[in-house]
Amino acid sequence: MSTVDDPAVDEVASADDAPLVGKDHKAEDAYNQAHPDAYRQFIPQTDEGDQQLKLRSELTANDLLREVGAVLRMSEAEAAALGDLPDDPDEDQTMIINMGPQHPSTHGVLRLMLELQGEKVLRCKPIIGYLHTGMEKTAEQLTYLQGGTNVTRMDYLSPLTNELAFSMATERLLGIDGEIPERAVWIRMLLAELNRMSSHLLFMATNGMDLGAVSMMIYGWREREEVLRFFQEVTGLRMNHNYIRPGGLAADLPPGWRDGVLHILDLLPGRLDEYDTLMTGQPIWRERLQGVGVITPSEALALGATGPILRSTGVEWDLRRDLPYLRYDELDFDIVVGGYGDCFDRYAIRLAEIRESMRLVAQILERMPAGDYRIQDKKVTPPPRARIDESMEALIHHFKIFTEGFKVPEGEAYVGIEGPRGETGCYIASDGSATPYRMHMRDPSFTNIQCLPHMMRGGLVADAVAVISSVDPVLGGVDR
Amino acid sequence: MSDIGSEPESLHEPEVVDEVARVHDCPAVVDRGQEIVHVPRDRYVEVAKALLDDGYSLCVDVTAVDYLEHPQRPLPAGIEAERFEVVVNLIDLENRRRTRLRVQISDDEANIPSLFDLHPGTEAHEREVYDMFGIVFDGHPDLTRILMPEDWVGHPLRKDYDIGHIPVQFKEANA
């Protein structure tokens with residue numbers, strides 16, 4: 001029917017340059033020109049500029065090489081030797097998509113820009129900072145006694161580990177790190193191990209859900225809640241405890257705490273066996289994780305990875321054994337390492353670490369000494385409540401400690417401990433006043449997410465979810 | 001009167017910062033049981049490389065301190081205090097030891113070579129230090145802000161950066 005001079009054919013031919021989809025933007029453009037700021041007030045600028053992954057067309061070959069090297073953390077020579085996957089595709093074959101910041105499997109507000117060719121991930125760049133609230137700056141306004149409330153909120157899945165690192169750094173500066181009463185030290189170990197268990201249990205939940213084992217989500221949260229219930233009995237809060245403080249603890253363990261711990265120790269073995277049935281032995285689970293997100297020991301070390309990621313590559317490195325702190329050198333436990341550096345190893349290590357932590361908790365329970373729960377050093381410890389009623393000085397002392405805080409000698413110290421995700425470090429520089437001059441938390445998640453581009457390279461989009469999950473980042477700690 | 005007034009006897013004097021050795025020809029001190037190597041800026045990468053060869057293969061942390069309000073601090077002889085200090089924490093896995101590098105950086109020349117080629121894992125840490133302190137890492141492959149938005153003005157962890165506040169109005173209470 002149609003002839004050459006059919007107007008419809010002409011129109012299609014002439015619209016060759018115009019986008020094939022979309023509506024006519026002329027009216028909109030005219031409006032925008034008349035009101036240049038009209039959209040800006042309703043649509044805030046969310047572009048992160050140079051922080052974002054760039055299009056291939058915007059990069060020269062050298063830039064790309066440098067960027068691949070940067071993202072993969074390799075030297076340029078290594079990146080060049082690697083070539084690009086697969087043979088430098090043309091730009092019209094690839095696309096850059098955002099995964100996050102509002103994506104359920106990014107565990108918070110992690111934003112990944114992925115360059116995809118079909119289902120294959122060519123490049124990946126994590127963009128962070130969406131949860132940044134300047135907690136290191138805030139720490140400079142808070143006294144050492146208040147600082148615990150701040151650091152406990154950083155990596156919110158291991159609050160007690162953060163508090164422990166902060167307290168130990170403060171004690172190191174005060175020079176009282178060798179004088180903390182035995183009972184306080186052992187309670188700290190007890191809580192640190194329980195915290196590792198609760199954190200890994202949550203990992204079991206989220207890892208299961210990310211990979212489609214949705215009921216695992218409920219089971220993991222259920223078991224974690226048992227641990228948090230114990231924390232609530234001890235500290236008064238499920239999370240953000242501010243319980244471990246410079247000089248000791250906020251309070252002694254409550255009566256009946258042994259029953260709480262024993263309840264967890266009785267409950268978990270059976271539940272962990274159920275996890276094995278549900279996940280570890282399942283062919284689908286293994287297919288989904290084995291050989292996915294592989295990282296080698298040298299890569300992991302170069303990237304600064306610590307914790308289960310480093311151990312999954314076979315490197316035996318656990319600060320509890322290798323640079324012991326508290327009384328870990330008196331306890332009997334194993335360091336679990338993997339051999340392949342894949343997602344399955346990281347899963348299996350965390351599951352085994354829950355069991356190791358239970359072993360530790362059982363030993364701590366047996367050996368828990370009696371005594372004081374905080375150092376009797378008038379400088380850092382407020383007087384007992386009973387003294388306040390009878391002594392004016394005690395009242396003033398109490399008031400001064402809580403208003404002015406205590407002064408910490410000039411100097412700087414770094415303390416790194418083994419948190420659930422790797423080395424949690426606290427660096428404090430003091431100018432001799434009652435607030436830290438500078439407080440820096442070395443958060444394991446912040447360093448570990450650098451591994452993501454490396455693990456994802458050449459993998460499938462579906463595996464990207466498994467990889468993020470296996471790194472177990474906590475964005476509260478990443479962004480601080 | 002024992003509770004307040006006089007300084008408690010148990011106030012611990014910091015260990016005397018005295019030079020114990022020279023690590024790769026840089027003054028090294030042990031303070032509070034931790035080894036600290038004070039590295040001049042122009043030998044920073046060289047020393048980091050030498051330490052890497054010594055076994056310090058894991059760079060756990062790079063951070064900085066702005067000593068604007070606290071210029072006088074104990075430093076070994078030969079090291080002049082500057083406004084900024086870049087602090088690098090290294091671990092030797094084989095021998096199970098830590099060391100810490102401190103590098104003085106002046107305000108008007110706030111730049112330092114990047115450790116990226118030695119320890120690629122410092123990439124994010126150096127970006128963070130750049131973002132928070134404005135210290136430029138020469139040779140860093142992707143020196144952009146990391147935590148703050150791209151169009152942010154200023155470097156928040158500098159001491160002369162105003163923390164800002166919201167004015168609070170106090171109203172007269174009705175008695």
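Trp285(A) is buried, with a relative accessible area of 5%. Tyr347(A) is buried too, at 0% relative accessibility. The model is predicted.

**Ring pairs.** Over all chains, the structure holds 7 aromatic pairs. Two of them are tabulated here.

| Pair | Type | Centre to centre | Angle between planes |
|---|---|---|---|
| Tyr144(A) and Phe406(A) | stacked | 6.1 Å | 20° |
| Trp285(A) and Tyr347(A) | edge-to-face | 5.3 Å | 70° |

Trp285(A) sits in helix α11 (residues 283–289) of chain A and Tyr347(A) in helix α15 (residues 343–367) of chain A, so their pair ties together parts 62 residues apart in sequence. Ring pairs also bring in Phe344(A), giving a cluster of Trp285(A), Phe344(A) and Tyr347(A).

**Charges over rings.** Lys159(B) places its charged end over the ring of Tyr437(A), 4.0 Å from the centre. Arg480(A) lies over the face of Phe446(A), 5.0 Å from the ring centre.

**Cavity.** A search of the whole structure finds 3 cavities of 30 Å³ or more. The second largest cavity holds about 40 Å³ of space. Its lining includes Glu136(A), Arg438(A) and His440(A), along with Thr63(B) and Leu157(B). Two elements give two or more residues each: β8 (438–442) of chain A and α2 (123–133) of chain B. α2(B) gives the most, with 4 residues. By class, the lining has 4 nonpolar, 2 polar and 3 charged residues.

Methods: Residues are numbered from 1 along each chain as its sequence is written. Chains are lettered from A and ligands numbered from 1 in the order in which they are written. This is a predicted model: local features need pLDDT of at least 70, side-chain atom pairs count only at pLDDT 80 or more; totals for chains, interfaces and linings use all residues. Side-chain values use heavy atoms; hydrogens and water are left out. On a 1 Å grid over the protein atoms alone, a cavity is a set of points where a 1.4 Å probe fits but cannot get out, and a pocket is an open set with protein on both sides within 12 Å along at least five of seven lines; lining residues have an atom within 4 Å of a point. Grid points are joined across faces, edges and corners, and a volume is the space filled by probe spheres set on the points. Ala, Val, Leu, Ile, Met, Phe, Trp, Tyr, Cys and Pro count as nonpolar, Asp, Glu, Lys and Arg as charged, and the others, Gly among them, as polar. Rings of Phe, Tyr and Trp (its six-membered ring) pair if their centres lie within 6.5 Å; planes under 30 degrees apart count as stacked, over 60 as edge-to-face and the rest as tilted. Buried means under 20% relative accessible area, exposed over 50%, partly exposed in between (1.4 Å probe, protein chains only). A charge sits over a ring if NZ of Lys or CZ of Arg is within 6 Å of the ring centre and within 35 degrees of the ring normal.
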